[in-house]
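Please keep the 3D view open and follow the points in order.

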Amino acid sequence: MARIDLDHIRHSYLSSPKTDADFALKEVHHQWDDGGAYALLGPSGCGKTTLLNVISGLVHPSRGRILFDGKDVTALTPEQRNIAQVFQFPVIYDTMTVFDNLAFPLRNRRFAEDEVKRKVTETLEMIDLSDLADKKARGLTADQKQKISLGRGLVRSDVNAILFDEPLTVIDPHMKWVLRSQLKQLHKRFGHTMVYVTHDQTEALTFADKVMVMYEGEIVQIGTPSELFERPSHTFVGYFIGSPGMNVFPVALDSDTARLGSQTIDLPGSVTTEKGAKTELGVRPEYVQLGRAGLPITIHAVEDIGRHKIVRARLEGLDLAAIVPEHGEIPADPHITFDPKGINIYANSWRQDLRGRPWTETGTTRPGF
Amino acid sequence: MDRNWNNKAWFLVLPMLVLVAFSAIIPLMTVVNYSVQDTFGNNQFFWAGLEWFEEVLHSNRFWQALGRNLIFSGIILAIEVPLGILIALNMPKKGVGVAVCLVLMSLPLLIPWNVVGTIWQVFGRVDIGLLGYALASLGIDYNYVQDPFDAWVTVVLMDVWHWTSLVVLLCYAGLVSIPDAYYQAAKIDGASRWSVFRFIQLPKMQRVLLIAVLLRFMDSFMIYTEPFVVTGGGPGNSTTFLSIDLVKIAIGQFDLGPAAAMSLIYFLIVLLMSWVFYTVMTNLGQGDQR
C-alpha cells in the first residue's frame with residue numbers, strides 16, 4: 001500500500017521523439033493517495049495502458065520519475081516494485097492447477113508453504129473458486145480464467161498497488177456486476193491503492209472515488225463522478241461522459257453574452273478569453289429545456305429510451321440533443337432555453353471560469369446518468 | 001436418430017479415392033502380394049505363406065539395421081528437439097532480424113536430400129573437404145569412409161544441420177503466438193526465466209512440438225538418401241539403416257519376397273511408433289482435463 005507520485009512522466013515508444021505527437025504520454029504529473037480507488041477512463045489509444053505499465057514497471061518512461069511513498073522506483077523492475085496487475089485477457093498458467101496458479105506469485109517470493117496455503121485458500125474463497133482448486137486451469141471457462149487472474153492479483157496482501165487493465169472485458173454482463181462489487185468490497189476491506197483502467201464510463205464511475213479522464217496522452221480531468229458531469233474541464237470530458245454527451249457550440253463571446261449564429265445567449269457570468277482563442281459553449285442535454293420561448297430549433301428525431309426521451313434537433317444548423325421527461329410535452333413550434341447552471345464556456349477546449357456566478361461551484365448534485 | 005444420407009456425396013470423394021488408390025493402396029497391395037509369394041523367375045509365382053516374414057524376423061541383419069535406426073532416431077531427436085527449442089527461444093521477435101533468421105533457417109530445408117548428402121560427402125573428405133581437412137590439420141584422426149564412429153558422427157551432424165531448422169521454425173511459430181500479457185504477468189508474478197519457459201513457453205509450444213517430434217521421428221526412421229550418398233551404408237554395415245538394407249535386398253539381390261515382407265514390417269513399426277508418440281504426447285498435456 002503506497003502513495004504514488006507521478007513526477008512529470010512522459011513516454012514515447014519512439015527512440016528519439018521530437019514533437020508532442022510522438023509521445024504516447026504527453027505529460028502526467030499527479031499524486032495518487034494511499035488507499036485510493038482510481039479509475040483511468042478514456043477512449044482506446046489514449047495512453048491508459050501505457051500509464052498503467054509505467055506504474056507497474058513494465059514500461060520505463062522516457063522522462064520523469066515515479067515515487068512510491070516518496071521513494072524513487074523508476075529504475076526498479078515490476079517484481080521489485082511489488083505491484084499486482086490484472087490484464088485485459090485472462091493470463092493463466094495452463095499446466096498448473098487453480099491452486100498452484102494463485103500460489104505462483106507467492107512461491108516465487110519464497111513465502112512459507114503454510115502461509116501460501118492460508119492465503120491462497122482465503123483468496124479462492126473471495127473469488128468463489130474454492131471447489132475448483134485442484135482442477136487444471138486450462139479446462140476452465142473464460143470467466144473462471146479471468147477470476148484466476150484477479151485472484152493472482154489479490155493473493156499478495158502486501159502489494160503497493162493493484163492495477164487493473166480493463167479486467168472485465170471478457171466477462172459476461174451479470175458476472176461483471178458481481179466481480180465489480182467484489183472488487184469494491186475488497187478495496188474497502190484491505191485498503192489497497194487500486195487503479196482501474198477502462199473505457200466504460202459506468203465501470204469507472206461505479207468503481208472509483210476519483211476518475212481520471214485521459215485524452216490523447218494527457219489526463220484532462222481528475223474528479224469525482226459528479227464533478228466530471230457538472231463541470232467538464234475539457235470539451236472531451238463533456239463528450240465522453242454522459243449519454244448523450246454534452247452539446248458544444250462554437251460561439252462568439254462578448255463579456256456576459258454569447259452569440260451563436262443570429263442568436264444571443266445570456267451567460268450567468270462574464271468571461272474574458274485571450275484573443276484568437278477558439279471559444280465554445282457547452283451545455284449538457286439534461287440542462288436544455290424545451291418550451292415555447294427561447295431559441296428556435298427544428299426537431300428531426302425523438303428517441304424514447306424509457307426513463308426519458310432524447311430529442312435530436314438542430315439549432316442554427318448545429319446538432320443538439322435535449323433530454324425531456326418521459327411524459328414531457330414536445331411543442332409544435334419548439335424553442336429551447338439553457339439552464340444557466342448548466343452553461344460552460346470553453347476557450348481552446350479548456351473550461352473557463354465565469355465571474356459573478358450567482359451560485360457556488362461546489363456541492364451541485366448530479367442528475368441521474 | 002433418422003438421417004437421410006445423400007449417397008451422391010460419395011461421387012465427390014471418388015477423385016481423391018482414385019488418386020490415393022494409385023499412389024498408396026495399389027502399391028501397398030502389390031507389396032502384400034509379393035510378400036506371400038516366391039518366384040524363380042519367368043514371372044511365375046508360388047504361394048509361400050508367412051515364410052518370408054519368419055525369415056525376416058529371424059534374421060540378425062534385420063534386427064541390427066532396426067537397432068541402428070532406433071539409435072539414430074533417438075540421437076537426432078535428443079539433439080534436434082532441445083537445440084531447436086534453444087535456437088527458437090533466442091531468435092528475435094521483431095525487427096529486420098526476424099526475416100534474416102527465418103531465411104537462414106529455411107535454407108537447409110530447401111536443399112534436396114541427395115544434394116545435402118553430396119555436400120557433406122565433399123565437406124567431410126580429408127583431402128579436399130573443409131571439415132575433413134580442418135580436423136586433420138588439427139591433428140584429429142577423422143575418416144568417415146573407414147571409421148564407423150566417424151561415419152556416424154558425420155551422418156548425425158548432417159541430419160542435425162539439415163533438419164534442426166524444421167524444429168526451430170515450428171517452435172518459433174508456437175512462441176510468437178504467445179501474447180505479451182503472459183510475459184508481463186510473469187514479470188509481475190516474479191517468475192524466473194526457467195519458470196517462464198516451464199509454465200508459459202513450453203505448454204504453448206506443446207502442440208507444435210508434437211508435430212516436430214512426429215515428423216522428425218518418421219523422417220529419420222525412414223532416412224535413406226543422405227547416408228546412401230555419404231557412406232553408402234558403410235564402413236561395413238555400420239550405417240546400414242533399414243531403408244538402405246531394404247533397397248539392397250529388393251534392387252540389389254532382387255529378393256522380392258523377403259523385401260516385401262520387410263517393407264510391411266517396417267511400415268507397421270513406423271505406424272506403431274508414431275501412434276505411441278502421438279498418444280503419449282497428447283496425454284501428457286491434457287492429463288486430467290475434464
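1. A term to start with: a salt bridge here means a side-chain nitrogen of Lys or Arg within 4 Å of a carboxyl oxygen of Asp or Glu. Please also bear in mind that this is a predicted model. With that cut-off, Glu166(A) and Lys48(A) qualify, as their side chains meet with N and O 3.7 Å apart. Glu166(A) lies in the loop between strand E7 (161-165) and helix H6 (173-190) of chain A, and Lys48(A) in helix H1 (residues 48-56) of that chain, so the pair ties together parts that are 118 residues apart in sequence. Both Glu166(A) and Lys48(A) are buried.

2. How many salt bridges are there over all chains? A search of the whole structure finds 21. In general terms, side chains of opposite charge can pair when their charged atoms come close.

3. Are the two partners buried or exposed? Asp94(A) counts as buried because its relative accessibility is 13%, whereas Lys204(B) is partly exposed, with a relative accessible area of 28%.

4. Back within chain A, Glu329(A) and Arg292(A) form a salt bridge with an N to O distance of 2.8 Å. Glu329(A) belongs to the loop between strand E20 (318-325) and strand E21 (335-338) of chain A, and Arg292(A) to the loop between strand E16 (288-291) and strand E17 (295-296) of chain A, so this pair ties together parts that are 37 residues apart in sequence. Here both Glu329(A) and Arg292(A) are exposed.

5. Salt bridges link Glu80(B), Asp159(B), Arg216(B) and Asp219(B).

6. Now for the largest pocket, which holds about 510 Å³ of space. Its lining has 18 residues, and those nearest its centre are Lys94(B), Asp180(B), Tyr183(B), Gln184(B) and Lys187(B). By class, the lining residues of the largest pocket are 10 nonpolar, three polar and five charged.

7. Which helix gives the largest share of that pocket's lining? H8(B) does, with five residues. At least two lining residues come from each of helix H7 (148-176), helix H8 (180-188) and helix H9 (193-221) of chain B.

8. Trace H9(B) to Gln206(B) and you will find a bend of about 55°.

9. There is also one cavity of 30 Å³ or more. The largest cavity contains about 50 Å³ of space. Residues of both chains line it, including Ala84(A), Arg152(A), Arg156(A), Ala185(B) and Asp189(B). E6 and H5 of chain A and H8 of chain B each give at least two residues to the lining of the largest cavity, and the largest share, three residues, is from H5(A). The lining of the largest cavity has three nonpolar, three polar and three charged residues.

10. For an overall view of chain A, count nine helices and 23 strands. Its C-alpha trace spans about 75 × 50 × 35 Å along the principal axes. Chain A has 369 residues, 55% of which count as buried.

11. The peptide bond from Ser243(A) to Pro244(A) is cis, with omega near -5°, and Pro244(A) is in the loop between helix H9 (235-240) and strand E11 (247-250) of chain A. His8(A), a residue of strand E1 (residues 4-11) of chain A, has a positive phi, near 45°. Asn82(A) also has a positive phi, near 55°, and is placed in the loop between helix H2 (78-81) and E6 of chain A. At 40% relative accessibility His8(A) is partly exposed, whereas Asn82(A), at 15%, is buried.

Methods: Residues numbered from 1 in each chain as written. Chains lettered and ligands numbered in written order. Predicted model: local features only at pLDDT ≥ 70, side-chain atom pairs only at ≥ 80, totals over all residues. Heavy atoms only, no water. 1 Å grid on protein atoms, 1.4 Å probe; cavity = no way out; pocket = protein on both sides within 12 Å on 5 of 7 lines; lining within 4 Å. Points joined across faces, edges and corners; volume = space filled by probe spheres on them. Helix = DSSP H or I, 4+ residues; strand = E, 2+ residues; numbered from the N terminus. Nonpolar A, V, L, I, M, F, W, Y, C, P; charged D, E, K, R; others polar. Bend = angle between axes of the 7 residues up to and from the residue. Buried < 20%, exposed > 50% of the residue type's maximum accessible area, 1.4 Å probe, protein only.
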